[in-house]
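Reader: Please take me through the helix packing in this model, with one part in close-up. Keep it brisk, and give me the cut-offs.

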Amino acid sequence: MDPTRGTASFDFSGQVAVVTGGTGTLGRAIAGGFRRSAARVVILARNPAFVNETAAGLGSKDEVLGLVADVLDADQLGSALETILDRWGGLDVLVNAAGGNRADATVAPDRSFFDVSPDAIRHVVDLNLMGTLLPIQVFGRAIADAGTGAIVNVSSMAATRPLSRVLGYGAAKAAVDNATRWLADHTARSIGPGVRVNAVAPGFVLSSQNRDLLVNGGGQLTDRGRRIVDATPMGRLGDPDDLVGPVLWLASEASRFVTGAVVPVDGGFSAASVL
């Protein structure tokens with residue numbers, strides 16, 4: 001047996017990692033983790049100002065590329081891929097961090113499920129599901145052509161543990177889980193074991209999207225935030241940096257025999273017993 005095999009390494013020197021939703025709270029943290037591990041990083045998002053700001057904060061233009069594209073627009077994604085290939089000749093890792101919810105797609109004290117706008121639900125499902133599948137179709141093709149690489153999707157614990165108010169978001173993330181497993185089997189059998197597809201499922205990670213729901217202006221937990229922390233064995237909300245290690249692991253050779261996994265990153269929330 002080769003004693004060097006199986007050695008964990010989070011050194012991504014010479015590799016190119018694309019992070020969709022790279023200007024969001026989670027995407028920025030993940031992109032930063034890849035840069036600290038020596039990867040060349042592509043920040044992809046819709047807002048030019050945020051893209052430029054995030055890319056500039058991560059390093060030089062030789063190592064970081066900011067591209068404006070909508071994850072729901074295949075043509076824009078295709079143009080982004082051409083730019084990446086022209087710059088660096090290929091890509092090795094795709095992280096699908098684009099996604100999110102919207103207020104009018106949730107149930108509220110003054111809005112029952114029967115009152116929620118179908119268009120709002122449709123938008124949330126498209127953003128989270130199609131916003132994952134389309135980048136895989138476009139960027140994943142380059143990974144497939146190379147025969148090696150990793151795709152890591154960002155799901156949510158709402159996919160497996162239905163949470164009050166967020167039907168559309170939870171249903172979309174459940175579809176992401178299913179698609180992750182399907183694609184893991186498909187790529188391994190049709191392309192080869194060098195291409196792996198996995199996901200991380202964050203629990204309640206404090207971000208710009210949920211901050212007002214979980215903490216008040218003084219940084220103290222709201223009633224909902226307190227109930228969540230009380231139901232979390234590790235006794236706190238997640239930090240965006242808590243996702244970095246699991247994503248780097250799934251993208252690295254340290255997890256070379258792992259595909260089709262959805263890894264909870266939730267402080268034990270999904271494992272907690274209800275007495």
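**Helix packing, close up**

Author: The axes of helix H4 (residues 118–146) and helix H5 (residues 167–190) come within 8 Å and cross at roughly 20°. This is a predicted model, where local features need pLDDT of at least 70, side-chain atom pairs count only at pLDDT 80 or more, and totals for chains, interfaces and linings use all residues. Residues are numbered from 1 along each chain as its sequence is written, and side-chain values use heavy atoms, with hydrogens and water left out.

Helices (H or I, at least four residues) are DSSP runs, numbered from the N terminus. Axes are lines fitted to C-alpha atoms over the stretch in contact, and angles run from 0 to 180 degrees between N-to-C directions.

H4 and H5 are therefore roughly parallel to each other (angles under 35 degrees count as such). Their crossing is right-handed (the near helix is turned clockwise from the far one by less than a right angle).

Contact means heavy atoms within 4.5 Å. H4 contributes Ile121, Val124, Val125, Asn128, Leu129, Thr132, Leu133 and Ile136. From H5 come Gly168, Tyr169, Ala172, Lys173, Ala175, Val176, Ala179 and Leu183. By class, the contact of H4 with H5 has 12 nonpolar, 3 polar and 1 charged residues. Ala, Val, Leu, Ile, Met, Phe, Trp, Tyr, Cys and Pro count as nonpolar, Asp, Glu, Lys and Arg as charged, and the others, Gly among them, as polar.

Now a second pair. Helix H1 (residues 25–36) and helix H8 (residues 244–251) have axes that come within 9 Å and cross at roughly 60°. That makes H1 oblique to H8. The crossing of H1 and H8 is right-handed.

Methods:
Helix = DSSP H or I, 4+ residues; strand = E, 2+ residues; numbered from the N terminus. Parallel < 35°, antiparallel > 145°, perpendicular 65-115°, else oblique.
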